[in-house]
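Below are some notes for a colleague who is opening this entry for the first time. Please read them beside the sequence and the structure.

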Amino acid sequence: MTLLDKDGVRLTVDDAIATVTLTNAAKRNAQSPAMWRALAEMGSLLPGNVRIVVLRGEGKSFSAGLDRQAFTPEGFDGEPSFLDMARGTDSELDAVIAEYQEAFTWWRRTDLVSIAAVQGHAIGAGFQLALACDLRVCAQDAQFAMRETSLGLVPDLTGTHPLVGLVGYARALEICATGRFVHAEEAERVGLANLVVPAGELDGAVADLAAALTAAPRDAVIETKALLAGAAGRTYEEQRTAERAAQARRLRDLAGLGE
């Protein structure tokens, strides 16, 4: 069932699995503000029974990043150009960027597990969109690069936090400051990719992972995800306390004693 199909992105739902597809293969799924608004909208359209969201791109590339039209004086039709944005007040500029970030923020909701299926290029905004997901399954030809600094900019689409969490500060700094490519083999070795497979096996590997993730009871996965997501911000003792509280909820639910 297709719930949304516009601005270079499509949302389909099949029972507990939703698929978000970037559909502008001719431009290597380059991103625009219109696409970001559509992606943000999709997060609010998901039916309550959806447990897994797969993010994929049509064609040879997952996403080559921001559409270069954004860097022209005229920008996109009906959108503020970068020059227009720079002329705004601090609060106006902050509000515009915050709106753009909404496309990247809902993928880690505790009631969902999101999987990015990455082939070819995942550059800049494309890299950050892959980082927005919980998990990444990559084809052997996948290449990640954070090119914002080479353009005199910074990564501002929520990618810096998960990148540091996955590979550590020093490696994240080196990847971002140099803008170099991280190929699939390295991505798997340093923790960016959960799994790397031949290109022809990408869809099958993602389907297998989605099936494995839906095998366990949903509430147990939700509680576990919340525990793991919050672990870095807790002390060891605080995490022990959180584990006990979560387990108490699960035991009461299993015994039919939940609220």
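Notes on loops and rings

1. Asp-7 sits in the loop that joins strand S1 (2-6) to strand S2 (9-14). Helices (H or I, at least four residues) and strands (E, at least two) are DSSP runs, numbered from the N terminus. The phi of Asp-7 is near 55 degrees, a positive value in a residue other than glycine. Asp-7 counts as partly exposed because its relative accessibility is 43%; buried means under 20% relative accessible area, exposed over 50%, and partly exposed in between (1.4 Å probe, protein chains only).

2. This is a predicted model: local features need pLDDT of at least 70, side-chain atom pairs count only at pLDDT 80 or more, and totals for chains, interfaces and linings use all residues. Residues are numbered from 1 along each chain as its sequence is written, and side-chain values use heavy atoms, with hydrogens and water left out.

3. Asn-29 is found in the loop between strand S3 (17-22) and helix H1 (33-45). Its phi is also positive, near 55 degrees. Asn-29 counts as buried, at 0% relative accessibility.

4. There are 4 aromatic pairs, where rings of Phe, Tyr and Trp (its six-membered ring) pair if their centres lie within 6.5 Å; planes under 30 degrees apart count as stacked, over 60 as edge-to-face and the rest as tilted. Phe-127 and Phe-144 make a tilted pair, 5.1 Å centre to centre with 45 degrees between the planes. Phe-127 belongs to helix H4 (residues 125-132) and Phe-144 to strand S8 (residues 143-145), so the pair ties together parts 17 residues apart in sequence.
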